[in-house]
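The sequence and structure come before the numbered points.

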Amino acid sequence: MYKIVPLHVETFEELESLLRQVDVRADGVEIWLDELSQIPLWEEYLAGKIIDWRKILGDKTWLLGVCKSGDPAHRISVLKKFLQDGGDFIDLDIDQNTRAALREFPPEKLFLSFHDYENIPKNMNEILEQMKEVDPYVYKFAVTPHSEPEIEQFLDFINHFPEDQKAIFTTMGAIGSVGRIMIGHTGKNWAGFFALDAEHKTASGQLVLE
């Protein structure tokens with residue numbers, strides 16, 4: 001299983017400091033571009049920054065861009081710039097973007113996400129079928145269980161997930177860490193998200209990089 005470290009920061013200087021701490025301990029780094037894309041002239045030197053990030057991390061560590069704030073047109077513009085300047089992948093939520101917007105990106109560059117911050121939906125297979133229409137490189141599911149039986153329900157979905165598809169499964173909330181450990185035992189996760197440390201968690205229940 002690949003390890004991805006998400007980094008949500010407000011300045012390029014802070015990001016580069018954290019990248020040095022990641023070093024070679026992760027296979028990928030998810031860079032939250034929300035605040036960074038608000039910095040004046042950020043577009044003019046992003047390509048140079050990505051070159052610097054690769055020097056810090058090494059060529060084997062891939063860069064995954066995500067932008068969760070702003071209107072859809074802004075998010076799409078930011079992520080296009082990220083790929084254009086050398087980023088490896090981008091992550092978009094199926095519920096926050098139109099199918100037309102999702103198809104503006106090469107499928108081989110796309111992590112397609114589904115998030116439920118309140119529950120585990122009963123129609124997970126229907127959601128999967130909708131995501132298949134986009135044919136992303138990686139499917140990502142983040143849900144919120146409230147009991148171990150609910151985790152077991154999610155595990156059933158995971159265990160029946162198509163073997164020929166790359167997927168990331170994770171749980172959030174009060175027992176999110178329990179769910180993540182149980183998911184790990186299935187061996188079905190193509191990758192997992194691990195916080196650099198307790199201070200830099202980007203989701204409740206997120207495990208910390210060892």
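This is a predicted model: local features need pLDDT of at least 70, side-chain atom pairs count only at pLDDT 80 or more; totals for chains, interfaces and linings use all residues.

1. Helix H2 covers residues 42–57 and helix H3 covers residues 72–84; their axes come within 9 Å and cross at roughly 45°. An angle under 35 degrees would count as roughly parallel, and one of 65 to 115 as roughly perpendicular; H2 and H3 are therefore oblique to each other. The crossing of H2 past H3 is right-handed.

2. On the H2 side, the residues making this contact are Trp 42, Glu 43, Leu 46, Ile 50 and Trp 53, and on the H3 side they are Val 78, Lys 81 and Phe 82. Sorted by class, the contact of H2 with H3 holds six nonpolar and two charged residues, with no polar ones.

3. Helix H6 (residues 148–159) and helix H7 (residues 176–186) have axes that come within 10 Å and cross at roughly 30°. With the limit for roughly parallel set at under 35 degrees, H6 and H7 are therefore roughly parallel to each other. H6 passes H7 in a crossing that is right-handed.

4. H6 brings Glu 148, Ile 151, Glu 152, Phe 154, Leu 155, Ile 158 and Asn 159 to the contact, while H7 brings Val 178, Gly 179, Met 182, Ile 183 and Thr 186. By class, the contact of H6 with H7 splits into seven nonpolar, three polar and two charged residues.

5. The largest pocket holds about 240 Å³ of space. It is lined by 16 residues, and those closest to its centre are His 115, Lys 140, Met 172, Thr 202 and Ala 203. At least two lining residues come from each of strand E2 (28–32) and strand E6 (138–143). The lining of the largest pocket is made up of seven nonpolar, five polar and four charged residues.

6. The second largest pocket holds about 180 Å³ of space. Its lining consists of Val 66, Cys 67, Lys 68, Arg 75, Asp 91, Leu 92, Asp 93, Gln 96, Asn 97, Ser 113, His 115 and Tyr 117.

7. Which strand gives the largest share of the lining of the second largest pocket? That strand is E4, with three residues. Strand E4 (89–93) and strand E5 (110–115) each give at least two residues to this lining. By class, the lining of the second largest pocket has four nonpolar, four polar and four charged residues.

Definitions and conventions: Residues are numbered from 1 along each chain as its sequence is written. Side-chain values use heavy atoms; hydrogens and water are left out. Axes are lines fitted to C-alpha atoms, for helices over the stretch in contact, and angles run from 0 to 180 degrees between N-to-C directions. Helices (H or I, at least four residues) and strands (E, at least two) are DSSP runs, numbered from the N terminus. Angles under 35 degrees count as roughly parallel, over 145 as roughly antiparallel, 65 to 115 as roughly perpendicular and the rest as oblique. A crossing is left-handed if the near helix is turned anticlockwise from the far one by less than a right angle, and right-handed if clockwise. Contact means heavy atoms within 4.5 Å. Ala, Val, Leu, Ile, Met, Phe, Trp, Tyr, Cys and Pro count as nonpolar, Asp, Glu, Lys and Arg as charged, and the others, Gly among them, as polar. On a 1 Å grid over the protein atoms alone, a cavity is a set of points where a 1.4 Å probe fits but cannot get out, and a pocket is an open set with protein on both sides within 12 Å along at least five of seven lines; lining residues have an atom within 4 Å of a point. Grid points are joined across faces, edges and corners, and a volume is the space filled by probe spheres set on the points.
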